[in-house]
Amino acid sequence: MTNRNVTIILLMALVIGTIIYARSVNINLPGNNQGYAPEQPIAFSHRLHSGDLKLDCLYCHTGAEKSRHAGTPPASICMNCHQFVTAGWDQVKIEEKQALEEKRDLQIPVSSELRKLYAAIGFNTDTMRYDESRQEQPIAWVRIHNLPAFTYFDHRRHVNAEVACQQCHGPVETMEKISQESDLSMGWCVNCHRDVNTGTLPDLIGRHASTNCAACHY
Amino acid sequence: MPANKKKTYWKSIEEKEVTPEFSQTLDGEFPAKPEELGQLLDSGNNQNTGVSRRSFLRAAGFSIAGTMFASCVRAPIEKSIPILIKPEEITPGRAYWYATACAGCNAGCGILTKNRDGRPIKVEGNPGHPLSKGGVCAVGQAMVLGLYDSQRLQQPIANGQPADWDEIDLAVNMKLAGIKNKVYVLTGTITSPSTRAAIQRFLRKFRDSAHIEYDPVSYSAILDAHEQNFQKRVLPHYHFDRAEVIVSFDADFLGTWLSPVEFTKAYTAGRSLDGESAKMSKHIQLEGRMSITGANADQRIKVTAAEGRATLIAIAKKLARKSGSSFPDWQTGTSPESIDDRTIDELATQLWQARGKSLVVCGLNETGTQGVVNFINEKLGNYGKTLDIERPSRQWSGDDRKVQALLSKMNAGDVNALFVSNVNPAYSLPAAAQFRTDFEKVPLTVAFAEHIDETSSLAQFVLPVPHFLESWNEAEVVSGVIGVSQPTVPVFGQTRSLRRTLTTWLGNKEDELGSLQSFWRESIFPRQKTAASFQQFWDQSVHDGYAQVKPIPVLPQSFRMGQTEPAQPSAGLDSASYELVLYQKAAMLDGRHAHNAWLQELSDPVTKVVWDNYVCLSPETALSLGIKEGGIVNVAAGDVTLELPAQIQPGQHDRVVAIAVGYGRMGTERFTNVGPDWLEGKPTLTAGQRVGQNGYVLALGTPDGFFYHSKVKIAATGKHSNLALTQTHHTITVPEELGGQRRDIVRETTLAAYAEDPASGNHAGHETLQLWAQDHKYEGHHWAMSIDLSKCTGCSACVISCQAENNVPVVGKDEVFRRREMAWLRLDRYYSGDSDNVEVLHQPVMCQHCDHAPCEGVCPVLATVHSDEGLNQQIYNRCVGTRYCANNCPYKVRRFNWFDYWRKGDRENLALNPDITTRTRGVMEKCSLCVQRIQEAKAEAKRLGNPLADGDIKLACEQSCPADAIVFGDMNDPNSRVSKLIHDPRHYRLLEEMNFRPTVGYLTKVRNLDEDAKDHV
């Protein structure tokens, strides 16, 4: 009898212990990649571009308002600015100072991260021109927000309904390295849709969000 | 209601006679149970099964634990690789469209390709095209799979060795340098004026040389007859919409004859009941076999070729008398036995009354008979009205006599070089064996081909040509209407078009586009007046996919009766011999697309057989010879014999046997293991076997041309080979215990009855009750579909369109035997009458999207539920595969994925639609009413701030329908087309009396008959 009680207590302790441990190390349910923030091939800073420089999200993610996919920006969009801006302001200042000290001509400072972009698209920073014989190397970004293959999310509908990007993606303008803010689970999607329909979300009062299965699954 | 006069419909002879085999097919939605499971269930109690409760729980527990551990890993790392420099018009995820001209056959319909991420994924009809008007056939739809065919030639071959183009150019030019004369270019019909001109320029260097056009299924006799009668070798351009009486003798103009999509558009336009007054053309078909066209005819008269010819001559004589002219005193051969004089009189009178508004067409490739047809059309004053030879069609211009002359020259060793392009004579000639021997004697042989086929495998040089979806081309299909083909994808491999290769050999360095543009600047641009600059004209033409320019005038001389008497290749049938009819199937045509798995698995519109050709026999003939369906029959014409399984075809003439050409093609061995690979699976073909057998060997080649009718002897061999036919699958029935009576799934009436009472034939009068009127109000959209059985011809374009749009897999022959074909949309074909003289009805059936859906209530995991827009949704990721829904579906439209049909890494997978999930094993699927298109249209309307208009959403089946039989829309919008059709007196729903309230509805079939008016109540 006592043996049995000890067994029960031990088993319960094991279960509770496991739960406490699981909560402390933030184990996710299968398929949930919340908090995923992998290293990217180029250390692009959303904090700098979106936060400090206040670039509009849609300036780079052009697909978001007219397509299902927001789209990882093509390198040609980066080059709109970065064919002129080759390094951060600090780096430019340092180069200016050094050139003055060493009494030489100013060299064009190129940041180490931007070098990767120029290598990919074949831009020569010595001449500040594209190489004629360049070999293009696509940039393989690591995908963070990843829905299963049977789910069809449409950015266009959300952007045109004036849902803020941050609603799902979190405060991107503060992220040095981008990470997955929401758990992107179906419950999370549907709860928001329900909140829209009940008028709980102050920004989206009067709008309708479908809760049909075939709105996303087909 | 005089119930005894009501028609009984049946889908097969087995169903009509209720044979035990047929009853078995009705047993359940799913045929055989797997053996072990069967034992398990049959044993009655689980103590005998060897699986104890304890071990079951242990296994279950282990599986659950295993699954949990296996799924506790992070998702695989995926890369997102954007394009480096984005072209302005391309946004990932958005489709963009190119207008181009289809080259699936010579008809050259206008098509649009839907492109995603740099590749075409779907072919649709171009609504602006002046001929095809938005229609496209099953073959055209399947061309997108042909584009990604992994067996397409990628590199030139010189004497069996891969070579590059520079080597080829050098080698061929060296060989040509030594040749001064007798160079021949043998091609299929070339509709591209620039290619034609390039061939002429190339041949100018050589004496006694010629460009010869050869069509495997030839229409040469029509052109030859016009040459005799009008002194111009032209193919008329037919206008079926202008004809009030259509008499067709063996011409399958709704299926395969000349330009079926254009003809179907025109034919249904002339038979529309949509307007103010019901006006329908009268269509009489004389034929021996059962064709799609015959199946749609108002009156179908069974004739052999000889009887039909005699009938035409008799009609011609009567018309000659009526018009006060004379007709040569030709012997009619056999008197038209099966047709009495009264019928001929009626035909002649109907035609005479519709002078200038009638049309007689004939599918026989036989100049004398075509001359008789021309005489009839001339005397009826139809030239210039229902058929046009001043603006002729250029779709088919093969010349049999020239081909035969070339063959005898080759035999005599009188040919120095032979260039073969886009045609496969070593397969399709009646004397193909002789051709193969003679071909190897020609000093220089060059084949331009997409595949290694029977001819190119024998040639010294094999030069790969691009698929039409990856090349620049044009097609002047009717004088003055020129379709423009543009590349929709970068070319696979190193291919070069015939035009470019020939111009390169002539020293011209222009690329594909450059050489085409130069030709247009010189020859086409001067024929138009609308555009000021060439660039403007060119851009507009490429944008539209066609250009309309001044036709090159053809000035026919006045009619002169030819002196050629009709030839009688199959005359004089005795009791032992039968007339063989070689015909084309709507999917396989002349055999050029035998590599296409979609087309091989498309059930034939009439016979419903897949993956085979066969001998069609009438039930009477089969009975008298003791042949059952699938029994192997020996067909002998002289010393040529062919052994094929028999298919028993109701409505076929007793003295006629029919065999489809286009089978037995080299390269179809690839389909041996096309289906899923599993323990009990059998290959579709045995090793080394081809799909079907070559019927062309039984054609007749005479110096006058090719005849597809001949005299044969047939005998049963006693062997048997099952035909994979889908016609008895998914039959809608009522179980015995519930009464077992037949339901009126298809409804029909006659024009006379319809004129009296538009609801005739549709007076079922069931009162139904809305069960959840308060709970499900459908306040926004309520999607609905209406299908007009009067318009549907059964051509099956919708089936392939659905397959391409919805990623429907190919399952192979063995799985079809197991009733596991995956088509979301099936075309049911019903017969009525006795099997001797049948009437035919076609009915497309897909998920009916019932408001009271029986499938929804039985799903234990809520994987199939109703949307607030009336869609019956199937959620694949929720489905656990109980199959309860399919068992409970009265319409039998649900399909279960027994396997993972998709093979990773196939190039063919590029044809998959990225907007819809590829389903995996163990999941139920069915028609979703193209919900991805509904979602896309809604999102676009929202984005642009426009309300969704009727017609903004076109479903895949609806878009491609050449007959405009399918209409989709919102039935909550009172002005939508579908709302109006729902209130049409002809509208009904399948199994209305069961109160499933489907949102898909049908309109009764109306036949242009004046009798039986009272019977259709």
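Which residue is the bridge partner of N634(B) in β26(B)? The legends below refer to a predicted model.

**View 1. Pairing of β25 and β26 in chain B.** The bridge partner of N634(B) is E643(B), which lies in β26(B). The pair belongs to two antiparallel strands of chain B, β25 (residues 631–637) and β26 (residues 640–648). They are joined by 6 bridges.

**View 2. A closed barrel in chain B.** The barrel has 6 strands. Their order is β22-β27-β24-β26-β25-β30. Pairing around the barrel is mixed. On average, neighbouring strands of this sheet are turned by 45° against each other, with direction ignored. The β25 and β26 strands of View 1 sit side by side in this order, and their own pairing is antiparallel.

**View 3. Chain B as a whole.** Its secondary structure comprises 29 helices and 43 strands. Chain B has a radius of gyration of 29 Å, close to the 31 Å given by the globule rule for 1017 residues, so it is as compact as a globular protein of that length. The C-alpha trace spans about 90 × 75 × 65 Å along its principal axes. Of the 1017 residues in chain B, 53% are buried. Contacts in chain B reach across the sequence: among those between residues at least 6 apart, 74% join residues at least 24 apart.

**View 4. The side of chain B that touches chain A.** Here 34 residues of chain B are in contact with 35 residues of chain A. Two elements of chain B, β2 (79–80) and α27 (931–944), each supply at least two residues of this side. The most comes from α27(B), with 5 residues. By residue class, this side of chain B holds 16 nonpolar, 10 polar and 8 charged residues.

Conventions: Residues are numbered from 1 along each chain as its sequence is written. Chains are lettered from A and ligands numbered from 1 in the order in which they are written. This is a predicted model: local features need pLDDT of at least 70, side-chain atom pairs count only at pLDDT 80 or more; totals for chains, interfaces and linings use all residues. Two residues are in contact if their C-beta atoms, placed from the backbone, lie within 7 Å. Helices (H or I, at least four residues) and strands (E, at least two) are DSSP runs, numbered from the N terminus. Ala, Val, Leu, Ile, Met, Phe, Trp, Tyr, Cys and Pro count as nonpolar, Asp, Glu, Lys and Arg as charged, and the others, Gly among them, as polar. The radius of gyration is taken over C-alpha atoms; the globule rule is 2.2 Å times the number of residues to the power 0.38. A residue is buried if 20 or more other C-beta atoms lie within 10 Å of its own, exposed if 12 or fewer, and partly exposed in between; C-beta atoms are placed from the backbone. Two strands pair if DSSP finds at least two bridges between them. Axes are lines fitted to C-alpha atoms, for helices over the stretch in contact, and angles run from 0 to 180 degrees between N-to-C directions.
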